[in-house]
Structure formats: structure tokens, C-alpha cells
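Me: I am new to reading protein models, and I would like to go through one slowly with you. Could you show me how to read its features, beginning with the general idea each time?

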Amino acid sequence: MSKVIARIIGVLSTWLPSLRSRFMLLVAGLFLALSVVMIVVASYLDLQDEEQRVVADARAIGATVSRLAVPHLTNHHYLILEQELESIAASGVVELAQVHDPARSVTIDSDPDTSYFDDVDIHDLVGLALETGQDQIRQTRRRVEIALPVRDMVSGDVLGAALVSVKRLPLDGMLLSIWGRNIVITLVLLVFCIPVTFHFAENFVRPIKALTQTAHTVSAGNFDAPFPVERKDEIGVLARAYRDMVGTIRQNMVRIHELAYIDPVTRLPNRESFRQHFNAHIRAADGTSARLSVLFIDLDRFKRVNDSYGHDHGDALLKEVAARLQRLLAIDGGDEASAETSRGPARGTDRQAGVAPLVARLGGDEFAVVMPADRPMANVYRLADQLVQCVEQPMEINGLTMAVGASIGVSTYPDDGEDYTAILKNADIAMYAAKRTGGNRACFYSEIERDSRAHERIRLEAELKRALLADEITIAFQPKIDCGPMAVVGAEVLARWDHPERGMLPPGCFIDVAEESDLITRLGDRVLELACRQGRQWLDNDLKMPLAVNVSIRQLEKPGFTSRVLEILETTGFPAGLLQLEVTETVAMADPERVSEASRPLLDAGITFAIDDFGTGYSSLAHLQRLPFNTFKIDRSFVSGLGGDHHSRSIVKTILAMARSLGYEVVAEGVETLEQQTFLMENGCSIAQGYLFARPMPADHFDAWARTFSGRPRAQAAGSAQDMPGNSDRAA
């Protein structure tokens, strides 16, 4: 039954989606149910009243009949009593009236066809009344029968009995009459109640409709819409809850907007806000392209501040630079721009005239400015120079005097690009051009040589990103030979790029691009992982091969470099004692503290370090003693001059003497002739690598070569080094 009711309610809810309609339906249903209950109850009560009335009438008639039956009746009295009973029965209410005189055994009834002389049967209720001396009542569907004893008025003795049988009305007729009357009353009440119910429902729904309208207004973006919070009922509670919710949403939206469009350090617009601002103003009101210049600003020497004083000082410096840029743009806008421009974006028809300069922080130490670039572009040139001068002025940061510079690249829309991406990319290219010429200056993209090298660098960077994702980076191994016993004592790992169009590329073709684009970290991790995995595989095949892998300064600068190296060793299972990391002398001497800090945990784990390209970085003995290296790798430029260059021979002898005094192992790179090998061995350097022994080779070739190495150098190949690609290989 409950499922049927639920189904009916569900269907009605579908038909009546309005809350007011549902409320009215509910009230009408409750009213009808109440009406039915009231009709049933009223009908029951009416039936009870009708029965009580019939019984009361029967008692009254019976009492009248019993009073007629006086004691010591004579025949004359019998005739009079018979006539009275017949007249009572003639009224149609009484079906039968009877008096019995037991003393004379006479029974008188209301039937005109009989007389008291006839032999009439005594009614059973009369017998019970005479026997018990009490009133006897019997009710059936057709009649009500009452027998009353007739008593002596003086003594109270029972002298006889009187019987009355009263007809009942037909039950169906009685019910029809009662239900008809009650239904009429209900319909009359319903006519009066429907308007009252409608009015009540309207008053009930009206505040809900008002609250709904307010919610729609809020959802349209107007958070100032009033809520009926003054109400004391449930609507007021709901309105206050809505108000609090809207207030929380407003605060969250402000916070979300800040996170999405505001730089948290400088409070300047961020990269996304800058992009939207640029795209919103590249079209004038008449649909023509507006001229906008983007000034891409990169701070010079900012990294030194972060490394020397920490990120707190670096953030403070960024805030000061941001404040200077804002002040400069505000002054410049007030002096040079029109009154329309100084008030911000125009809301009239001349949209371009209302574009105000905007400064944003793109990330790190990079800022950008966008401004109108009407011809002639004197304002853009002047602003670029002012920005350089503004940034280069010394700053007081947390009690310290600091100075940085600014390299600025400028590109103009639509001359230097068709969209925001192209304009920002070309401004970045111009900025790098400014850095390459010493920094702390501005360079315009339109003024630099748009040769194939700049575009090639950008294309190569994009392809390198794809190569890292597509696992196109592989490694090769160049053996290290101990020239005494002529045995393989290790290998240097060299990166290779298996380019799908250009074939196998050596590191010299892409390492510089990787370092400039910060892809060197991913590239270095990839090479290190491949090397350790291959070294573990050789160990499992009974080939113990120490491996040397180059490390870039960008990798050392990245937080978590140490943990990443240890994680790769743990994942691959390659022993730390067989791994050597090579850092170029230039990198080591540029920031010895950072190199020492990053290498200390790795040294504790068993990893060794080597100075690569030694002799080119102007090392000092003080720094060498503090750095954790145990191997010198003599740069190939000195080894190549051992045949006839007296200065190269002197430098190599000096390096070897220094290594012996400091207890360093020495490895000579680029050994290509027997003469070079002989000189190195005579002066105490026995470990060498170069094309005299073998060129870099893939892992499977190296495995076979190392197991069959005869110890005889490739003397005949020594003189043909230039026709071997990759002679100037650099490890990744």
C-alpha cells in the first residue's frame, strides 16, 4: 500500500512541479480526507441518534400502552383498550401493540382482524417481562420491540405486560439521507475553504519566490542583492544561511581571482592576467589591429642574490623592483600619455586611446610591460631606457645594499608577430640577445638579425621536449683505458639524440639548448637513469664497469638533486661506488660552495667526483682543497697539442705535478696518437680515453668490445679523427 501511495505521489509531483500546486494539492487532499472521516463519523453518530430516537419512541409508546392497561379490566375496558391499540397501530409508526392480562389469560393486540376473544399467542418478550418483572428490549434490522411489565400502582406487583413493536427506517435509505446531508455540508465548506487555502498558499510561497529571485540575482553576479534576513520564521533562517553562503563565496572568489590573476609575491598581475590584457586590446573599436609593444624584462645577477642571501631577500628585491616599475609607469603615463590613457581602459569608441601601460610578473625574475606603440615609437624606446636605469639603481633590502640589472627584449604587435604567443616569444628572443651582449640594456626584435640560428634554437627546443617524452634520448659509452696493463677501467657516458629526421645527434648539437631552456635537468636525469640501468645489467652479466656521467650547473642548482641521484641508484640497483659524477672546472669554480654542499651527501654514499676539462677554468689551490674531487680530467685542447706545442706540454706537466701533490687521479681526454699516449705515460698519467682506443659506442657494442679488448691501440685510426663525428663529444 505504501508503495502505491509513493507511486501516486511521484506521478503527481511530475504533473505538478510548482511548490504552490503541490501545497494546494496536499491541503486539498488533507481536507478531503478529513471530510470523509467527518462524514463517516457524523453518519455513525446520526445512526446512533436515530436508533436512540426509535428506542425512545418505542419506550414512550410502550409506556402509553402500559398506562392504558389498568388493573381489574372488564370486557368493556377490553373493548376500549383494543380500540386504542388499533388507533396507535394505524399511525404507521407502531407495527404491533399488545397487552396481556395473565389473571384472565386475555391478550389484546392492535390487529383489527383479531379480538380479545380470539386465542392470540403471547409474545416471548411479554413472557420474559412477566417472568422477570423488567423491561425487555430487542432490536433487529427491521424493528425495535419493547415489553414493559404492568404493575399495581399501590403494591407494585406485576399484573400484566404491554408489548410495542416499532418499525425501523430502511438502512440504505437512512444512510443515503445522512450521507447526502453531510456531503452538501462538506461542499459548502469546501467552497468557502478553497479561496482561504489559495490565499494561505500564496502567502506561504511568496517569500520563497522572493528568496529564489534573490538567488537568481546572485547567480547572475550581483552579490549585493538583499536577503530577507529580518524574518523570524524558517524563511529568515534560510535567508541568513544564503547570505552567509554568498559572503563566503564572495571571499573565495576574491581569493580565487588573486590566485588566478595576481602574483602572490609582488601583487602585480601574473602571466595569465597579462595575456588577457594583451588580447583584450589588440583590436581597436573599428576592428583594425592596435599597435602594442611588449617589453620582456629579465633581471641580471638576480640568482646571486637568491644564492647568497636566500629567497626571503630575493622576494624582497622582487617587490622593490615591482614597486619601481609601477612608479615609473605611473609617472610616465602621467607625463606622456593623454588624460584618457591615465584613467585606464577607455569605455568609449576609441579603445586604443584608452590603453594604459600594464606591468606584470611572468614568473621567477621575469617581468613584462605592455603599452601602446603608436608611430613613431619614441615612447617605447624612451621607456625601455628608463626601465634599465630604474632597475640598475642600488636597492636597500633588509639592511643590505644590492644591485641588479635588467635585460629587456621588445617586440611589437602586429609587426613582430600575429598573436600573443608570437609576440612574447620574440620579446624573449630579443631579451636573450640583450643578455648575450652583456646585459643591462634593451634590444628590439626588429633590430636583431633574424637569422636561422634563433629560429633553429626555438625549433630544436620544442623538438627536444618531444624527444624527452618519446624516449629518443639514448646513451653511448667511451672507454677509459689504463695504458699500463692496457685494460678497460671504466667508461664515460655520452648522450645521444636519435632524431627521427636528422639521425643520431651528438651532445654538442643540443646540450646548449637544453641548458638555456632548463631542459638539462630532465635530460641529465634521463642519461643518469639509463647509465645506471645499463651498469646494473652489466653487473648481472659479470661485467663490472665504473661509469662517469657529466652533471650540469643547472642540475646542481635544482633543489632535490642529491635525493634524485640517490633515488635513481636505489631504483636501478647500481652501486654508488661504481658511479662518478663529472663537473666542469668552470662550473666548479663559479660556485664552489654550491658544488661542495650538493656533493657532500653523495660522497658519503660512495659516489666519486671528477673535474672535467681541467685547465680551462682558472682554478685556485684554495678552492681545490675545499672541493670534494678526487680526479682531474685534462682538457682535450691541451692533449691535442702534446705533439709539438711546448706550452701544452708544460701545462700538462704542471697539472700532473699538481695532481700528484694533492693525491688526485688524472684522466687524459682526447688521446688520438701514440705520441700523446707515450708522453702522458712518461709523465705519470696512465689512464686515457680517446679515439686512439675506441670511439663512443652503444651499450651492446661496448659490451662485446670490452670483453674482447686486446690492449692494442687503433694507431692507424689516430690520424683520421676529424672524419669521425662526435670528436668533441660532451657528456650530458
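Me: How many helices and strands are there in the protein?

Reply: Helices (H or I, at least four residues) and strands (E, at least two) are DSSP runs, numbered from the N terminus, and the protein has 24 helices and 21 strands. Please keep in mind that this is a predicted model, in which local features need pLDDT of at least 70 and side-chain atom pairs count only at pLDDT 80 or more, while totals for chains, interfaces and linings use all residues. Residues are numbered from 1 along each chain as its sequence is written, and side-chain values use heavy atoms, with hydrogens and water left out.

Me: What share of the residues of the protein count as buried?

Reply: A residue is called buried under 20% relative accessible area, exposed over 50%, and partly exposed in between (1.4 Å probe, protein chains only). Of the 732 residues of the protein, 45% count as buried.

Me: Where does His-313 lie, and what is it in contact with?

Reply: His-313 lies in helix H9, which covers residues 311–336, and with a relative accessibility of 17% it is buried. Leaving aside neighbours within four places in sequence, His-313 is in contact with Val-305, Ile-397, Asn-398, Leu-400 and Met-402. Across the protein, among contacts between residues at least 6 apart in sequence, 66% join residues at least 24 apart.

Me: Which residues does Thr-562 touch?

Reply: Thr-562 belongs to helix H17, residues 561–572, and is buried at a relative accessible area of 17%. Not counting residues up to four places away in sequence, Thr-562 touches Ala-598, Pro-601 and Leu-602.

Me: Now for charged pairs: how many salt bridges does the count come to?

Reply: A salt bridge is a side-chain nitrogen of Lys or Arg within 4 Å of a carboxyl oxygen of Asp or Glu, and by this rule the count comes to 23. One of them joins Arg-361 to Asp-263, the closest N and O atoms being 3.0 Å apart. Arg-361 lies in strand E7 (residues 358–363) and Asp-263 in the loop between helix H6 (234–261) and helix H7 (271–280), so this pair ties together parts that are 98 residues apart in sequence. Arg-361 is buried at 11% relative accessibility, and Asp-263 is buried at 9%.

Me: Which side chain meets Asp-298 in a salt bridge?

Reply: The partner of Asp-298 is Lys-435, at 2.9 Å from N to O. Because Asp-298 lies in strand E6 (residues 292–300) and Lys-435 in helix H12 (residues 420–436), the pair ties together parts that are 137 residues apart in sequence. Asp-298 is buried, with a relative accessible area of 9%, whereas Lys-435 is partly exposed, at 28%. Lys-435 also meets Asp-300 in a salt bridge, at 2.6 Å from N to O, and Asp-300, which is in strand E6, is buried at 8%. Elsewhere, salt bridges that share partners join Lys-480, Glu-492, Glu-582, Lys-633 and Glu-669 into one network.

Me: Finally, at roughly what angle do the axes of helix H22 and helix H23 cross?

Reply: Two packed helices are described by the angle between their axes and the distance between the axes. Axes are lines fitted to C-alpha atoms, for helices over the stretch in contact, and angles run from 0 to 180 degrees between N-to-C directions. The axes of H22 (residues 646–662) and H23 (residues 674–682) come within 11 Å and cross at roughly 40°. That makes H22 oblique to H23, since angles under 35 degrees count as roughly parallel, over 145 as roughly antiparallel, 65 to 115 as roughly perpendicular and the rest as oblique. The contact is made by Arg-649, Val-652 and Lys-653 of H22 and by Glu-675, Phe-679 and Leu-680 of H23.

Conventions. Contact means heavy atoms within 4.5 Å.
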